[in-house]
Amino acid sequence: MKIADVRADIPLLEEVIYLDAASTTPTPKPVVEAMCDYYYNYNANMGRGAYKTAIKATTKYENTREKLSKFLNCEFEEIIFTKNTTEAINTVANGFDFKKGDSVIISNIEHHSNFVPWLNLRKKGVNLKIVTADENGVLDPLDVEKAIDETTRLISITHVSNAIGSLQPIGDIGKIAEEKDVLFMVDAAQSLGHMKIDLKNINPDFAAFPGHKGLLGPLGTGFLYCRSEVVDKLYPTNLGGGTVLDVSENDFTLDAVPARFEGGTPNIAGIVGLGTAVDYIDRIGLSNIEKHAKKLTRYMFDGINRIENTICYGDPENIYGIVSFNINNINPHDVAKILDELKRICVRSGYHCAIPAIRHIGAYKLGGNIRASIHYYNTKEEIKIFVDTLAEISKFLGD
Ligand SMILES: Cc1ncc(COP(=O)(O)O)c(C=O)c1O
C-alpha cells in the first residue's frame, strides 16, 4: 500500500500534521469499519453463547489471536488479550509469585508502565535494580549482566525508549537472561507495528504490546505474550467469568491458557478491529514501514538539529521513529501549543510518562521535552513544515 492510500484511510490527516504516534495512532477506516460491522451485525458476547451470532463473535475474536500469533511467530495460546501495554506488564508483575528478597532488573529509561508495577513490588520485599543507560539512552548488556545475582528473577526492558527513541539491544540482553536462567520481559510498546518482531528469534519469556500504537489498531486493546514453557509461573490476577472450568462452594478449577487470564467480557469490537489492523499493516508491509521510518527519522533529527538553540536527544544512528528535543529555555508545552496554533502540528510535550528517563537526559527542570513521533502515514513534506515552523519559533523565542 502506498502512503497516499493510507492517508486516504485516515481523515484526521487532512486536518492536522500528526506527529504523536508514540502516544497513540489514528485508526484507519477499515479498522473502524470492522468494529462497526461487529456492533451492527453480530454484537454478542464471545466464548459464552451457543447461538450463531455469539459463535461468530467468538470466531472473529479468536481470529485476531491467530493473526497476531502468525504476525509475531509464536503460538496461538501464547497471546493473552489485555486492554493496553500497562495491563500486560501488570499481569506479570502481579501474577508472578515473587518472594521477599527476590529482585527485578529494569532500566532508568523505562516508561512508568514498566517502572511503577515493579517499584510497587517493594511492598512485598522485592528489590528493584535499575541499570543506567548511556548519555544517548542506550543500555549496555554488560551492565545488565553485572546487575544479575542469585536473587534476580526477572529483567524487564523496553525495546525502544518512548522518551528518547533509542533502540535497545534486547537480543543480547535476552541471551544473557537465558544464560543466567532469569526470566526476560520486553516492553514492545514502541516497536510493534513499526519493525519486524520475531518472538522465536528474540525469545523473551514475556512481552507486552499495545494494539493502539504502531499496529494502527483501536484504543483499549493490547496483549501479553507469555511463552508456553513459563505460563505456569503466572497466576491470573483478574478471576471470574471466563477464567474457570468448574466451581464449587469451596473451590474452583482454572480454565486453560489463555482463557484463565481473560476474565470478564473483553473489548470484542476492539479485538476484532485489531485483527483488521494486523491485516492492514501486512498490506503496507513491515519492511516498507521500516524503510520509511528510518528515512523520516533521520530527516527530522537532522532538520531539528540544524536549528539554532535546539538540543536533540539520542544518537541519530540509533533512534527509531521518535525525535526528542528542546528549544533552548522554552517550556516544551509552550512550543507544542505554538506548533498547534500555527500549523495544527500535534506533538507530545512534557515527561512522556518517563520521568526517570527525562531526568537522565537532563530535561526535568525545563518540564521535559518535545517529542515528535512518526508512522508510515507521515510524509517528508509534513516534516519539512514541522522543522520550518520550529525554526521560526526558535528565532522568535529562543535566546
Ligand atoms: C515504552 C512504553 N511502555 C508502556 C507504555 C504504556 O502503553 P499503554 O498506554 O498501551 O498501556 C507506553 C505508552 O506510551 C510506552 O511508550
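Asp181 lies in the loop that runs between helix H7 (170-179) and strand E6. The model is a predicted one. In this model, phi of Asp181 is near 60°, a positive value in a residue other than glycine. Most residues other than glycine have a negative phi, and most peptide bonds are trans. Asp181 is exposed, because 9 other C-beta atoms lie within 10 Å and the cut-off for exposure is 12 or fewer.

Asn73 also has a positive phi, of about 60°, and is not a glycine. The loop between helix H3 (52-72) and E2 holds Asn73. Here 13 other C-beta atoms lie within 10 Å, so Asn73 counts as partly exposed.

The backbone also contains a cis peptide bond. The bond joins Val257 and Pro258, with omega at about 5°. Pro258 sits in the loop between E10 and H9.

Two further loop positions were examined. Asn250 is placed in the loop between strand E9 (244-247) and strand E10 (252-254). Asn250 has 5 other C-beta atoms within 10 Å and is therefore exposed. From Ala34, Asn250 is 216 residues away in sequence and 42 Å away in space, C-alpha to C-alpha. Gly193 belongs to the loop between E6 and helix H8 (199-202). Gly193 is buried, because 28 other C-beta atoms lie within 10 Å and burial requires 20 or more. Beyond its neighbours within four places in sequence, Gly193 contacts Lys213, Gly214, Leu215, Leu216 and Ile281. Gly193 and Ile345 are 152 residues apart along the chain, and their C-alpha atoms are separated by 23 Å.

The protein chain as a whole was considered next. Its secondary structure consists of 13 helices and 15 strands. The radius of gyration is 22 Å, close to the 21 Å that the globule rule gives for 399 residues, so the chain is as compact as a globular protein of that length. Along the principal axes, the C-alpha atoms fill a box of roughly 70 × 55 × 35 Å. Buried residues make up 48% of the 399. Among contacts with a separation of 6 or more, 69% join residues 24 or more positions apart.

The domain assignment divides the chain into domain 1 (3-19 + 285-393) and domain 2 (29-283). The C-alpha centres of the two domains are 27 Å apart. Across the boundary, 24 residues of domain 1 are in contact with 26 residues of domain 2. On the side of domain 1 that touches domain 2, helix H10 (286-306), strand E12 (322-327) and helix H12 (355-360) each supply at least two residues. That side of domain 1 comprises 14 nonpolar, seven polar and three charged residues.

In soluble globular proteins, nonpolar side chains tend to be buried together. The largest nonpolar core of this model has 114 residues. Ile155, Met185, Tyr225 and Val323 have the most contacts inside the core. Helix H9 (residues 268-284) gives the largest share, ten residues. Domain 1 and domain 2 each contribute at least three residues to this core. With residues up to four places away in sequence left out, Tyr225 touches Leu72, Cys74, Glu78, Ile79, Leu199, Phe206, Ala207 and Phe209.

Helix H4 (residues 85-95) is mostly covered, with nine of its eleven residues buried. The buried residues are Thr85, Thr86, Glu87, Ala88, Ile89, Asn90, Thr91, Val92 and Ala93. Their cover includes strand E2 (79-82) and helix H5 (116-119).

Thr85 and Thr86, buried in H4, are among the closest residues to the ligand. Asn84, Asn162 and Ala189 are also listed as closest. In total, 14 residues surround the ligand. By class, this shell has ten polar, three nonpolar and one charged residues.

Methods. Residues are numbered from 1 along each chain as its sequence is written. This is a predicted model: local features need pLDDT of at least 70, side-chain atom pairs count only at pLDDT 80 or more; totals for chains, interfaces and linings use all residues. Domain bounds come from an automatic or database domain assignment. Two residues are in contact if their C-beta atoms, placed from the backbone, lie within 7 Å. Helices (H or I, at least four residues) and strands (E, at least two) are DSSP runs, numbered from the N terminus. Ala, Val, Leu, Ile, Met, Phe, Trp, Tyr, Cys and Pro count as nonpolar, Asp, Glu, Lys and Arg as charged, and the others, Gly among them, as polar. The radius of gyration is taken over C-alpha atoms; the globule rule is 2.2 Å times the number of residues to the power 0.38. A nonpolar core is a set of buried Ala, Val, Leu, Ile, Met, Phe, Trp, Tyr and Cys residues joined through C-beta atoms within 7 Å. A residue is near a molecule or strand if its C-beta atom, placed from the backbone, lies within 6 Å of it.
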